Amino acid sequence: MSILGLKKKQPKTFKVKVITMDAEMEFSCEVKWKGKDLFDLVCRTIGLRETWFFGLRYTVKDTHAWLKPDKRVLDQEVPKDSPITFHFLAKFFPEKVEEELVQEITQHLFFLQVKKQILDEEIFCSPEASVLLASYAVQAKYGDYDPNFHKPGFLAQDELLPKRVLMQYQMTPEMWEEKITAWYAEHRNIARDEAEMEYLKIAQDLDMYGVSYFPITQNKRDKELLLGVDAQGLHIYSPNSKLNPNKSFPWSGIRNISYSEKEFTIKPLDKKKDVFKFYSSQLRVNKLILQLCIGNHDLFMRRRKVDSIEVQQMKAQAKEEKARKKMERQILAREKQLREDAERAKEEMERRLFQLQDEARMANEALLRSEETADLLAEKAQIAEEEAKLLAHKAAEAEQERQRLEVTALKTKEEHRLMEQKMREAEQLAVKLVEQSERRSKEADHLKQDLNEAKDAERRAKQKLLEITKTTYPLIAAYSSPPPPSGPENMEMQLEMATSHRLDFKDPDMKRLSMEIERERLEYMEKSKHLQDQLKELKSEIESLKLEEQQQAGIYNLRGYAEPPYVPHSNRNSAYMAQMAFFEEV
C-alpha cells in the first residue's frame with residue numbers, strides 16, 4: 001500500500017484549546033467527534049469522574065453557550081478559530097458541597113471557580129466574609145502560617161479581596177494583609193483540600209452563589225426583570241437587586257417548563273396556582289435557560305434518590321482516600337511534631353551549648369582577668385605595702401617632728417614667756433632706772449646745790465679765814481718764820497697751814513668754824529665716792545641689758561620665731577638718754 005493511500009485513509013482533525021481554572025490544554029479532535037467525546041477526553045485528562053457538574057463553554061456573538069454532548073462539535077455554533085477555545089467550567093452547582101463533592105479535583109475546580117467569581121464581583125460578598133474567605137485561600141495556597149517564613153508583604157502579589165471591598169474602606173494593603181494574616185494564623189493544621197472545602201461551605205451560603213442571571217420581561221411591554229436559575233429552582237429579581245428575589249419557584253413545586261420561540265411558561269405543581277409566563281429577547285438565550293433548567297432539575301431529582309453504584313463506589317473510594325490521607329496527615333503531623341520537637345530540642349541543645357561555650361569563654365576570660373587582676377593586685381599590694389612602710393616612716397618622722405615641734409613650741413612658749421618676763425622686768429627696770437635717774441638727777445641737783453653752797457661756804461670760810469689770818473698772822477709769824485709770798489698758791493698753803501694749826505686757835509668761834517668746814521668736806525668726799533660707785537654699777541647694768549637684748553634678737557632671727565614683744569623705742573631711748581645725760585653731767 002502506498003503512502004498516498006495511507007494519507008487518504010487518515011481521519012480529518014481540528015485543533016481545540018481547553019482552558020480549565022488552573023491549566024490550559026490542547027487537543028487534536030476528529031471531525032466526527034461529538035461534544036461528549038471532547039468532554040470525556042478532557043475529564044480523562046484531568047482525572048475527573050464527577051462529570052455531571054461541568055461542561056465546555058464557548059462564546060458566540062457576546063453570548064455564552066455550552067457545548068451539547070449529543071451533537072457534533074463542528075455542527076454547533078462554535079467559533080471558527082483555530083484552535084477552537086473552550087472553557088472547562090462548572091455548569092451546575094451542588095446544594096451541599098460537603099455531601100455532593102466527592103473527588104478532591106472536583107472540590108479544587110469548584111474552589112477556583114467560586115473564588116474567581118467572588119473576586120470578579122459576580123458573587124456579592126461582604127467585607128468580613130471576604131477577609132475570612134481570603135484567609136482560607138491563603139491557607140490552601142501556603143499551608144500553615146510560619147512567622148519566620150511568611151514575612152510582612154508575602155501577600156502583596158496575591159489577589160484576595162474584591163476591588164469593591166478594597167475601595168469601600170480607606171485602608172492600605174498592609175492593613176488588609178494584617179487582617180487576613182490574623183485569620184490565617186488560626187487555620188493551623190488544616191490541609192489544602194480541607195481549607196478549600198471550608199471556603200466552599202462559606203461561599204455556598206452567599207445569596208448569589210451558583211445563580212445564573214438572564215434578562216427577561218413578564219410581558220412584552222413590561223419593564224425588564226431578571227431570571228435566576230440555580231440548584232434550588234427559578235427566581236425572579238428586580239434589575240437593581242440580585243440578592244433578594246421577588247418571586248421564587250422551587251424545583252419541587254414546578255410541574256412543567258416549556259417555551260415557544262421567546263415565550264417561557266412555568267406550570268406549578270399546584271393546579272390552583274396561576275401559570276407564570278415570561279419573555280426573553282433572544283432564542284439562543286431561551287435554549288440556554290432551558291438547558292440549565294433541565295440540568296438543575298435532573299440533579300435536584302437525582303439528589304433525592306439513592307446514589308448509583310458508580311457514585312457509591314466513588315464515595316467509598318473518596319471516604320477511604322480521605323481516611324488514608326487523614327491518617328497520613330496525622331502521621332505526617334506527628335512526624336512533623338516530632339521533627340519540630342527534635343529541632344527545638346536540637347536548637348535548645350545548640351543554644352545551651354552556645355550558652356555553655358559562652359559561659360566557658362566568659363569564665364576563661366574572667367579567670368584570665370582575675371589572674372591579671374590578682375597580679376595587678378599583688379603589685380598594688382606590694383606597692384601599697386611599700387607605700388605603707390614609707391607612710392609609716394613618714395608618719396614616724398612626722399610624729400617625731402610633731403613631738404619636736406611640740407617640744408620646740410613648748411620651749412618657744414617658755415622662752416617667749418621668759419623673754420616676755422625679761423622684757424617686762426627690763427621695762428620695769430628701765431622704768432626704775434628712769435625713776436632712779438630722775439631721783440639721782442634730783443639728788444645730783446641737790447648735791448650740785450649743796451656743792452655750790454659748800455663751795456660758797458668754803459669760799460666764805462676761806463675768806464673769813466684769810467681775814468682772820470691777816471689779823472693773827474703777825475703774831476704767828478713772829479713766833480715761827482718769815483711770812484710766805486702772796487698769791488693764790490700761797491693762799492691755799494696758808495689755808496692749810498691755818499687748818500693744820502686750827503687746834504692752836506683759842507677762839508671758840510674759829511674752832512667751831514673749822515670743825516664745820518672739816519665735817520662738810522668729809523661728807524662731800526663720802527657722797528662723791530658713793531655717787532661714783534652707784535654710777536659705775538648703773539653703767540654696768542645698762543651694758544649687760546644691751547648685750548642680752550642683742551643676743552635675744554639674734555636667737556629669734558636664727559630660729560625664725562617672732563620677735564619678742566615690742567617695747568616702745570621712745571621709752572627706751574628716753575631712759576637711755578636720761579641716763580647718759582646724767583652720766584655726762586656727773
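Helices and strands are here DSSP runs, numbered from the N terminus. In this predicted model, Asn189 lies in the loop between H7 and helix H8 (192-203). The mean pLDDT of the protein is 79, and 83% of its residues reach 70 or more.

**Confidence**

- Residues 475-492 have a pLDDT under 50 throughout, and the model gives them eight contacts beyond four places in sequence.
- Residues 494-506 also have a pLDDT below 50, with 16 contacts beyond near neighbours in sequence.
- Where pLDDT is low, the predicted coordinates should not be read in detail.

**Helix H7**

- Helix H7 consists of twelve residues, 173-184, and spans 16 Å from its first C-alpha to its last, close to the 16 Å expected at 1.5 Å a residue.
- The buried residues in H7 are Trp176, Glu177, Ile180, Thr181 and Tyr184.
- Viewed down the axis of H7, these buried residues fall within an arc of 135°, so they line one face of the helix.
- An α-helix has 3.6 residues a turn, so residues three or four places apart point the same way.
- The cover over the buried residues of H7 includes helix H5 (127-142) and helix H6 (163-168).

**Nonpolar cores**

- The largest nonpolar core holds 78 residues, of which Phe54, Phe86, Phe88, Val114, Ile118 and Leu234 touch the most other members.
- Helix H9 (residues 283-303) gives the most to this core, contributing seven residues.
- A second, separate core has eleven residues, among them Ala134, Leu161, Trp176 and Tyr184.
- Leaving aside residues up to four places away in sequence, Phe88 touches several residues, including Phe39, Cys43, Phe54 and Leu109.

**Cysteines**

- The count of disulfides comes to zero.
- Cys43 is buried, at 3% relative accessibility.
- Cys125 is buried as well, with a relative accessible area of 0%.

**Backbone features**

- Most residues other than glycine have a negative phi, and most peptide bonds are trans.
- The peptide bond from Ser82 to Pro83 is cis, with omega near 0°, and Pro83 sits in the loop between strand S4 (63-66) and strand S5 (84-90).
- Glu121 is not a glycine, yet its phi is positive, near 65°; Glu121 lies in the loop between helix H4 (104-119) and H5.
- Glu121 counts as partly exposed, because its relative accessibility of 40% falls between the limits of 20% and 50%.
- Asn189 likewise has a positive phi, of about 65°, although it is not a glycine.
- Asn189 counts as exposed because its relative accessible area is 62%, and exposed means over 50%.

Methods: Residues are numbered from 1 along each chain as its sequence is written. This is a predicted model: local features need pLDDT of at least 70, side-chain atom pairs count only at pLDDT 80 or more; totals for chains, interfaces and linings use all residues. Side-chain values use heavy atoms; hydrogens and water are left out. pLDDT is the predictor's confidence in each residue, from 0 to 100. Contact means heavy atoms within 4.5 Å. A disulfide is a pair of cysteine sulfur atoms within 2.5 Å. Buried means under 20% relative accessible area, exposed over 50%, partly exposed in between (1.4 Å probe, protein chains only). Helices (H or I, at least four residues) and strands (E, at least two) are DSSP runs, numbered from the N terminus. The expected span of a helix is 1.5 Å times one less than its number of residues. The arc is that of the directions from the helix axis to the C-beta atoms. A nonpolar core is a set of buried Ala, Val, Leu, Ile, Met, Phe, Trp, Tyr and Cys residues joined through side-chain atoms within 4.5 Å.
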